[in-house]
Amino acid sequence: MRLHVVDHPLVAHKLSTLRDERTDSPTFRRLTDELVTLLAYEATRDVRTDTVEITTPVAVTRGTRLSYPRPLVVPILRAGLGMLDGMTRLLPTAEVGFLGMVRNEETLEASTYATRMPDDLSGRQIYVLDPMLATGGTLVAAIRMLLERGATDVTAVVLLAAPEGVAVMERELAGRPVTVVTAAVDERLNEHGYIVPGLGDAGDRLYGTA
Ligand code: URA
């Protein structure tokens, strides 16, 4: 597994505003969208492309197009949904699958409650969206499922990561074709499984507490 922390002043600025407890939900949603687009730029550095012939108004030249099969973007419900538009803005040809996963707040273990994506992911490049890499349980379970279906490379785009979650990913997905792209790796997890200093509950901050 590879870890890529995106070091850019615009990323740091947007992330700082997301962290601020005074940032309201509409602003949080807009900034998440903008931040994901910046992370997506880095996350898609190795997206597969083909060389094609293009006719400009002036001449025939060679150009670049995203390859088929199309990349698959998989937001993990519910908080990952807040990252979908930011990602597909840069990958408009991507197919979108959905994965509903919930974390048991006592055991912190992840279980799947909904899956909507192709059974066969052979040869597909996948971008998984989940704002918080906390214990790593959800992402490891999600990525294992995608690899079992044949995915050949998986990039997890997360806003924030905890060192504990990164270590779990590195251990559980060692040697697998997996990359994590994040805006920052924070200090630690607290006893409730929240990232410190973090930004709180990403789902609640995006959508309210309903
Ligand atoms: N999920 C969140 O939304 N926030 C955290 O800090 C950890 C997990």
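Two residues are in contact here when heavy atoms of theirs lie within 4.5 Å of each other. Keep that in mind as you look around this predicted model, since the packing described below rests on it.

**The chain as a whole**

Let's start with the overall picture. The protein chain folds into six helices and 13 strands. Its radius of gyration is 17 Å, close to the 17 Å that the globule rule gives for 210 residues, so the chain is as compact as a globular protein of that length.

Of the 210 residues in the protein chain, 46% are buried. Among contacts with a separation of 6 or more, 70% come from residues 24 or more positions apart.

| Helix | Residues | Length | Reach, first to last C-alpha | Expected reach |
|---|---|---|---|---|
| H2 | 25-43 | 19 residues | 25 Å | 27 Å |
| H4 | 137-148 | 12 residues | 17 Å | 16 Å |

For H2, the reach is close to the expected value, and for H4 it is close as well.

Which residues of H2 are buried? They are Phe28, Leu31, Thr32, Asp33, Leu35, Val36, Thr37, Leu39, Ala40 and Ala43. These buried residues pack against helices H1 (9-19), H3 and H6, and also against strands S8 (125-129), S10 (153-161) and S11 (178-185).

In H4, the buried residues include Leu139, Val140, Ile143, Met145, Leu146 and Leu147. Thr138 and Ala142 of H4 are buried too. After H4 comes Gly150, which has a positive phi near 110°.

**Two cis peptide bonds**

While you have the backbone on screen, have a look at two peptide bonds. The bond from Leu77 to Arg78 is cis, with omega near 5°. Arg78 sits in the loop between strand S4 (72-77) and helix H3 (84-90), and H3 is one of the elements that the buried residues of H2 pack against.

The other bond joins Val196 and Pro197; this one is cis, with omega about 0°. Pro197 belongs to the loop between strand S13 (195-196) and helix H6 (202-207). H6, like H3, is among the packing partners of the buried H2 residues.

Technical notes
Residues are numbered from 1 along each chain as its sequence is written. This is a predicted model: local features need pLDDT of at least 70, side-chain atom pairs count only at pLDDT 80 or more; totals for chains, interfaces and linings use all residues. Side-chain values use heavy atoms; hydrogens and water are left out. Helices (H or I, at least four residues) and strands (E, at least two) are DSSP runs, numbered from the N terminus. The radius of gyration is taken over C-alpha atoms; the globule rule is 2.2 Å times the number of residues to the power 0.38. Buried means under 20% relative accessible area, exposed over 50%, partly exposed in between (1.4 Å probe, protein chains only). The expected span of a helix is 1.5 Å times one less than its number of residues.
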